[in-house]
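Hello,

I am handing over the structure we talked about, and my notes follow just below it.

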Amino acid sequence: MKIVEVKPNRIVNGERFTAYEFIGWPVLLVGAGFLLIAVLSLSTRKMKGLMTIVTGAFLFTVFLYLMGLSGQVAASDSNSIRVSLSMGFYILLLMIYLLFGHVMAKKDKYLTLQKSIALLIFISMLVFVYLGLFDEFSIVKEYGIKKNQFMDSLTTHLFLSLGSVTFGSLIAIPLGYLAYRRKKLESAVMVPLSIVETIPSLSLFGILLVPLAGLGRIDFFRSLGIRGIGWAPAFVALTLYTLLPIGRNTLVGFTTVERDVIEAAQGMGMSRKQIFRKIEFPLALPIIITGVRIALVQTVGGAVIAGLVGGGGLGTFVFLGLAEASQDLVLLGVIPIVLLTLILDKTLKLVIDRIRRRKS
Amino acid sequence: MIKLVDVYKNYEGYEAVRGISFQVNEGELYVLLGPSGCGKSTTLRLINRMVDRTSGDIYVEGEHVDNFQVESLRKKMGYVIQSTGLFPHMNVEDNIATVPLLLKWDAKRIRERCKEMLKLVGLEPDTYAKKLPKELSGGEAQRVGVARALASDPHILLMDEPFGAVDPISRLRLQNEFKEIQKKLKKTVIFVTHDVEEALLLGDKICIMRDGEIIQEGTPEEVILKPKDAFVEDFFGKEGALSLLTRFKARDHCEEVKMEGEALSEDASLKEALSEMILRGVDRVPLENGSLSLHGIMEVIRGEHQ
């Protein structure tokens, strides 16, 4: 498998190398290490999982380090040479992920330790990048060129996704509650939300173009930067897309509160407000937050389309990269999005767990 | 204490309650008994205004229920329902604390009251206070339900088939324990059930309902021995008379005739004593201090007939 491609400059196709061709004999040591892990898997020792993770993490870090060094050597001839990652590298990444996932799926008293070691890989990778080890790799090079723009885009991306989810929650949670309290309004509320969800984002921009351009003519809105294109249509579209998951989960959350429980609360003399605050809302909360989580994951990915209408965000890199046929520029946009999604997803899962645990 | 005067409840074209009047005196356990759909639950819910009546008057402690703010009316009465209705996100202690908290008792008093209530219903506070409802058995959950209803020490208790969803063995124990609690606390209780045995065991007075009307009202002895019509007679069945014996304890009818053999518990009811006689094929069973005879049981029955 070819793990890298060395290109004379950014766009031209280059020559591909296997790990052995690229790094040389030390890679055999790493390979031998992984063979050792395979042998280890036959043993039944208690520490097996932990040892697998420790050796795996160590070997992978060594491998990254070797790749960095070789990259510097390969690029030493000319300034415009770029080293791009190829299929082989991604497959290796996937295999490491599978290996770690397999080990951690087993409940083991060392699980926390295993997780922190896996996290160490990330940290060492960041350290390598920071030390300039990967400077010749094209993702890092692209980053180097677009550094300022990157931070800007990241902030915009966060603003777009977190902002629209917050805004969407403010609208959808009351709507969901309304649908729960007034059964007659349920379809009147839920059906439009489902319809909005089915409109493709590009057509939604088309629909939004006219009214937002109209709003932009009013001074107040123009000073906010609201125009037919730009961040405003992206923000509105993303907000609209969050309404269904949040609204539906709010409705479901409240509906799952049992009738008897509410009746008992009434029978004990709780007022409507007290029932909402002490009984219904706390019981529905984990499900509502699950809705917010779904919306957030969906929005962080969805915010890419803001790049299409000049709304900024990491989508800018993705579409620019596509236009320039530069795979690494696309990755510069996609990788942070994936990481962001994972982090936000995990955080909200922890929040939900906290709420559930507090009950037990 | 509680008085209903000619109360009706119509649900769009269907009359659930048709002109009911009765009065419950202080410290009395009043049973509303009848087949399902007879309007007994609705009647109960009319009293704490969970259901609004169509016409008629209801008085609680001499005051018309309409004169109360509905929440404060409900806070005056403990309310126990079949499915317990415990709040699943609160532990046992917090569940019991619900009404005291609404009444703004201070924290220390609430904590002590919770302990006291758990002990009253036979649950060890240290073991149970921090448990969640889902960790309780059906019987335990219902005990907590009763404890919660009694927590603010209301004068009145409304109970809607409270032991209906519990297995038969736990039910009998709960019924006996509740009878003891009631003997101690002397609450005014309105108790809805379709279980004849339960009604006869617990009730000071029994009110038999059918199709939203009262058919007969009276003490357990009266309704069993002098049924007003065929419906009441059928409802109790031929064994109803036997169930009347559950109201009497063997202890109270013990004779000073010493007897060998395995002694029956003094807490046993006369019905249990009678079936013990049938099982052993004798007309006298030993108790811890003395014995009980078939003749003694017949004396009780004779007394009831007079």
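Helix α7 (residues 138-150) of chain B lies across β6 and β7 of chain B, at about 165° to β6(B). Helices (H or I, at least four residues) and strands (E, at least two) are DSSP runs, numbered from the N terminus; axes are lines fitted to C-alpha atoms, for helices over the stretch in contact, with angles from 0 to 180 degrees between N-to-C directions. Contact requires C-beta atoms, placed from the backbone, within 7 Å.

Please keep in mind that this is a predicted model, where local features need pLDDT of at least 70 and side-chain atom pairs count only at pLDDT 80 or more, while totals for chains, interfaces and linings use all residues. Residues are numbered from 1 along each chain as its sequence is written, and chains are lettered from A and ligands numbered from 1 in the order in which they are written.

Both of those strands belong to an open sheet of six in chain B, ordered β6-β7-β8-β3-β9-β10 with mixed pairing; strands pair if DSSP finds at least two bridges between them. At the edges are β6 (77-81) and β10 (213-218) of chain B, each pairing on one side only. Within the sheet, β3 (residues 29-33) and β9 (residues 205-210) of chain B are parallel partners over four bridges, and L33(B) stands opposite I208(B) in β9(B). Helix α1 (residues 40-47) of chain B lies across β3, β7 (156-160), β8 (188-193) and β9 of chain B, at about 150° to β8(B).

Where the chains meet, 15 residues come from chain A and 17 residues from chain B. On the chain A side, α12(A) gives the most, with six residues.

Best wishes

Definitions and conventions
Two residues are in contact if their C-beta atoms, placed from the backbone, lie within 7 Å.
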